Amino acid sequence: MKIVAICGAGIGTSAILKLNAERALERLGVEARVSATDVASVGAAASDAQVILTSPELVKHIGATNADIVVIDNYFDLDEITAKLEIAVG
């Protein structure tokens with residue numbers, strides 16, 4: 001399974017989301033490859049992803065995708081990330 005975490009520019013906040021997604025997946029006992037990218041590169045980075053993690057503001061910039069888009073309100077809330085990933089990968 002491939003999961004891509006995206007942020008608006010650079011990879012600062014997406015790296016935080018990536019790390020917390022990996023922690024959440026570990027809690028769930030799910031193996032996945034998680035990568036971080038910016039919204040401008042999401043087309044290439046997420047072309048074969050099953051899940052895209054992003055903030056509410058960036059959803060409209062993702063474009064057409066076959067991946068499940070999971071909106072994360074608080075990149076630091078491990079419980080939120082775990083609950084939403086459990087639904088997406090369940």
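Colleague: In which sense do strands E3 and E4 pair, and over how many bridges?
Modeller: In this predicted model, E3, which spans residues 51–54, pairs with E4 in the parallel sense, and four bridges join the two strands.

Colleague: Which residue of E4 is the bridge partner of Ile52?
Modeller: The partner of Ile52 there is Ile69.

Colleague: What is the strand order of the sheet?
Modeller: The order is E2-E1-E3-E4, in an open sheet of four strands with parallel pairing.

Colleague: And which are the edge strands?
Modeller: They are E2 (33–38) and E4 (68–71), each of which pairs on one side only.

Colleague: By how many degrees are neighbouring strands turned against each other?
Modeller: On average the turn is 25 degrees, with direction ignored.

Colleague: Turning to the helices, which strands does H1 touch?
Modeller: Helix H1 (residues 12–28) packs on the sheet and touches E1 (2–7), E2 and E3. The direction of H1 makes about 165 degrees with that of E2.

Colleague: What about H3, which strands does that helix touch?
Modeller: Helix H3, residues 78–89, also packs on the sheet; its contacts are with E1, E3 and E4. Between the directions of H3 and E4 the angle is about 165 degrees.

Colleague: A change of topic: where is Lys2 found, and is that residue buried or exposed?
Modeller: Lys2 is in strand E1. It counts as buried because its relative accessibility is 12%, and the cut-off for buried is under 20%.

Colleague: Which residues is Lys2 in contact with, leaving aside neighbours within four places in sequence?
Modeller: On that basis Lys2 is in contact with Arg33, Ser35, Ala45, Asp48, Ala49, Gln50 and Val51.

Conventions: Residues are numbered from 1 along each chain as its sequence is written. This is a predicted model: local features need pLDDT of at least 70, side-chain atom pairs count only at pLDDT 80 or more; totals for chains, interfaces and linings use all residues. Side-chain values use heavy atoms; hydrogens and water are left out. Two strands pair if DSSP finds at least two bridges between them. Axes are lines fitted to C-alpha atoms, for helices over the stretch in contact, and angles run from 0 to 180 degrees between N-to-C directions. Contact means heavy atoms within 4.5 Å. Buried means under 20% relative accessible area, exposed over 50%, partly exposed in between (1.4 Å probe, protein chains only).
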